[in-house]
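Subject: Structure handover

Hello,

Here is the structure for you to look through. My notes on what was found follow below.

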Amino acid sequence: MRIYPIQTGNFKLDGGAMFGVVPKSIWQKTNPADSNNMIEMGMRSLLIEDGNKLILIDTGMGNKQSDKFFGYYYQFGDFSLDTSLASYGFHRDDITDVFLTHLHFDHCGGSIQWNKNQTGYEPAFKNAKFWSNQEHWNWATHPNPREKASFLEENILPIQESGQLNFISENSFQQVGFNVLKMDGHTEKQMLPKIFYQGKTIIFMADLLPTIGHIPVPYVMGYDTRPLLTIKEKEAFLSEAADHDYFLFLEHDAYSEICTVQHTNKGVRLKETHKFKDIFN
């Protein structure tokens, strides 16, 4: 098995929305805001090469939305999914499996593209199986008013229409080669891959832990549908992560790829940040 971090792009979101009830005077120490109160965010995917499988975890925003849409998110930098894949010698047509932690647009938007004939939407990975789970799929395709703006039909329905949609069962390891932790605070049945690699455990954090600034348990996003449940889930998970020295792969931290955590007299806190290449070779 080989694993590669994939940068799909950077963008900005409102810092207040990203930290919920935590005051700006506190959260800006780790996530400084610009003059519009926006903080920098990453969209980092993970590519797993395992035998004859090439599995991509999450796909970023993609590029098919309108200029008006992208104008809300202040994308910056030179990263893209295709250039990141190419840097390791891969092409999107090589991908055999696309695993989607959840179906919010910044995690799945790159899964679907407008086709070259300008006739409609199609999967951006023509040879891949797409993996979700039945409960989350139902939640996303019948969205509540709070999440409706994040569940975009053009990102989701073409996956099913293509015949490439698959659902993870309880035995996820046999299907995709890693275990899955399901979390319900951010959105119904968000999935966090738990990957055993080079004698270590990597957890792909998705939106349970967006950045290192969100490690303190009460630091919960305003986007979460059940913030009190997120707090409970995060507290239990971070305690386990500290106990077992998990390496936490950060999808949304613009500058830190991986972190570890430790127990302190103030609760679980950051231990170290790492570049992926410095830990795994």
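Are both Lys-189 and Glu-188 buried or exposed? Both are buried, where buried means under 20% relative accessible area, exposed over 50%, and partly exposed in between (1.4 Å probe, protein chains only).

Two notes on the source. This is a predicted model, so local features need pLDDT of at least 70 and side-chain atom pairs count only at pLDDT 80 or more, while totals for chains, interfaces and linings use all residues. Residues are numbered from 1 along each chain as its sequence is written, and side-chain values use heavy atoms, with hydrogens and water left out.

Overall fold

The protein chain has 10 helices and 14 strands. These are DSSP runs (helices H or I, at least four residues; strands E, at least two), numbered from the N terminus. The radius of gyration is 18 Å, close to the 19 Å from the globule rule for 281 residues, so the chain is as compact as a globular protein of that length. That radius is taken over C-alpha atoms, and the rule is 2.2 Å times the number of residues to the power 0.38. The C-alpha atoms fill a box of roughly 55 × 45 × 35 Å along the principal axes. Of the 281 residues, 54% count as buried.

Salt bridges

The count comes to eight salt bridges. The rule asks for a side-chain nitrogen of Lys or Arg within 4 Å of a carboxyl oxygen of Asp or Glu.

Asp-82 pairs with Arg-92, with the closest N and O atoms 2.9 Å apart. Asp-82 lies in helix H4 (residues 81-87) and Arg-92 in the loop between H4 and strand S4 (97-99), so the pair ties together parts 10 residues apart in sequence. Asp-82 is partly exposed at 39% relative accessibility. Arg-92 is buried at 14%.

Asp-93 forms a salt bridge with Lys-126, at 3.9 Å between the closest N and O atoms. This pair links distant parts of the chain, 33 residues apart. Asp-93 sits in the loop between H4 and S4, and Lys-126 in the loop between strands S6 (121-123) and S7 (129-132). Asp-93 is partly exposed at 30% relative accessibility, and Lys-126 is exposed at 55%.

Back to the opening pair. The side chains of Lys-189 and Glu-188 meet in a salt bridge at 3.3 Å, N to O. Salt bridges link Asp-184, Glu-188, Lys-189 and Arg-226 in a network.

Best wishes
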